[in-house]
Amino acid sequence: MRQHNPYQYWQRCLLLLVGCLLLLVGCLLLTGCWDRHEVNDLAIVMATGIDYAQEKVELTAQIFIPRKAGGGEGVGGTGGSPSGVTMIRTAEGATVAEALNRLQRKVSRDMFWGHCEVIVISEQAGKQGLREYIDFFLRYPQIREHAYVFSSEKEAKGMLTLLDPLERSSAESLREMANLGLGARVTLLELAQSIEGPSQSAILTRLLVTPANPGQEKLVTTPFVRGLSLYKKDKYVRTVTEPLSVGVLLLVNELNNIIMPVEIHSYKGSMSIRLIDAKAKIRPQIIHGEWSVGIDIEARGEVVLNTTDAELSNPAVMVEVQEAWQNRLKSLTERAVALSQNELKTDLFRFATAFRQRYPRQWREQQTQWPTIFHELKVDIRSKALITRTGKSTEPQGRADQSRK
């Protein structure tokens with residue numbers, strides 16, 4: 001039989017005792033909450049806006065009011081939603097950091113920016129340059145890198161003070177619009193990468209205010225998307241609206257939720273096509289020292305309105321509709337490229353990034369000459385459009401002769 005060693009037994013007991021003591025001491029050290037932040041001590045920021053006036057930065061915060069979250073009477077005119085779940089505070093300073101410091105002095109609780117999902121920058125502030133704001137937002141530890149960034153025609157503060165009748169706040173309304181793909185969906189991190197990248201440009205969704213209904217308060221309304229704000233390096237330079245904005249969004253693969261009218265030469269009237277999906281593929285080429293770009297566009301859609309006498313059950317008609325639509329897409333992208341190359345002289349569509357990835361050696365050698373190369377760059381656009389659905393009817397509806405069939 002195996003002999004029991006008393007020395008090993010007591011050694012194991014001693015190790016077990018020491019382990020229990022260490023565990024007990026560790027638990028005592030971990031029970032303290034000296035650095036806690038209670039929810040009741042926080043002012044939760046849902047959205048922020050940046051304006052520029054009289055050579056000063058204005059920082060606006062939309063702050064959540066927890067005690068009103070369960071409902072309650074409207075507080076129209078206080079700078080919140082009709083359910084009274086938000087309030088607005090604004091401060092100004094020589095820099096955005098100074099404005100934040102002064103903003104905290106106007107709020108009785110510690111401002112928490114970890115839930116800030118929307119940033120609105122006015123076009124006036126954009127004319128001064130975005131670098132200061134981007135540096136601050138990405139450096140400040142609480143602010144999310146994936147917050148959506150919008151541009152506003154007028155004051156950003158005005159967008160945050162709207163009393164949205166559908167959502168709890170204008171911040172939620174803007175977040176839902178971004179998730180629907182209405183315009184260019186750009187996050188804070190993507191904005192910084194666009195400006196700091198080789199293309200040195202940015203595209204932001206532009207916001208306007210829907211007029212309030214008759215009899216309602218002026219602020220009881222919602223923001224809406226109309227057009228794009230274009231940035232050269234970090235400064236605002238131009239606004240584009242439909243139909244040119246369609247070509248811009250198509251080239252950056254952000255075209256969603258749109259219905260396009262297309263005219264058919266053989267018939268009077270037009271057909272409205274709802275876009276299902278679209279993709280633009282950029283093909284950079286350097287052949288015998290000559291730089292060029294090929295762009296392949298593929299789109300799928302469905303007919304939602306037919307004001308012509310054409311019957312979509314006819315294969316020849318379908319071919320003509322698809323050709324008309326793809327020509328329309330090609331025309332819009334050609335206009336967008338011309339705007340980028342000739343008018344703005346700004347690489348809005350990241351051609352530089354495509355060349356750097358495919359031809360790294362040539363890019364290193366010629367990157368200082370990129371502005372000249374870009375202006376003279378040959379661009380070949382090819383489009384392919386496919387109608388996958390024609391709706392519940394292939395024949396045009398509402399014609400006088402249909403009643404006799």
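A: Arg274 and Glu302 form a salt bridge, with their closest N and O atoms 2.7 Å apart; the term stands for a side-chain nitrogen of Lys or Arg within 4 Å of a carboxyl oxygen of Asp or Glu. Arg274 lies in strand β11 and Glu302 in strand β12 (residues 290-306), so this pair ties together parts that are 28 residues apart in sequence. Strands here are DSSP runs of E, at least two residues long, and helices are runs of H or I with at least four, both numbered from the N terminus. Glu302 is buried, with a relative accessible area of 14%, whereas Arg274 counts as partly exposed at 31% relative accessibility. Buried means under 20% relative accessible area, exposed over 50%, and partly exposed in between (1.4 Å probe, protein chains only).

Glu302 also meets the side chain of Arg389 in a salt bridge (3.2 Å, N to O). Arg389 lies in strand β13 (residues 378-389) and Glu302 in strand β12, so here the parts tied together are 87 residues apart in sequence. Arg389 counts as partly exposed, at 41% relative accessibility. Elsewhere, salt bridges with shared partners join Glu117, Arg144, Arg175 and Glu176 into one network.

A quick word on the ground rules: this is a predicted model, where local features need pLDDT of at least 70 and side-chain atom pairs count only at pLDDT 80 or more, while totals for chains, interfaces and linings use all residues. Residues are numbered from 1 along each chain as its sequence is written, and side-chain values use heavy atoms, with hydrogens and water left out.

By the salt-bridge rule, the count comes to 17. Another of them pairs the side chains of Glu123 and Arg206 (3.1 Å, N to O). Glu123 lies in helix α3 (residues 123-127) and Arg206 in strand β7, so the pair ties together parts that are 83 residues apart in sequence. Glu123 is buried, and Arg206 is too.

β7 (201-209) and β11 (270-287) turn up again in the largest pocket: along with α7 (188-196) and α10, each supplies at least two residues of its lining. About 420 Å³ of space lies in that pocket. Of its 20 lining residues, the closest to the centre are Ser194, Val252, Leu348, Phe349 and Arg350. For the record, a pocket is an open set of points on a 1 Å grid over the protein atoms alone, where a 1.4 Å probe fits, with protein on both sides within 12 Å along at least five of seven lines; lining residues have an atom within 4 Å of a point. Grid points are joined across faces, edges and corners, and the volume is the space filled by probe spheres set on them.

Thr346 sits in the loop between α9 (315-343) and α10 (351-358). At 4% relative accessibility, Thr346 counts as buried. Leaving out residues up to four places away in sequence, Thr346 touches Gln200, Ser201, Tyr231, Lys232, Ser340 and Phe374, a contact being heavy atoms within 4.5 Å.

Among the buried ones are Glu172, Leu174 and Met177. Gly181 follows α6, with a positive phi near 75°.
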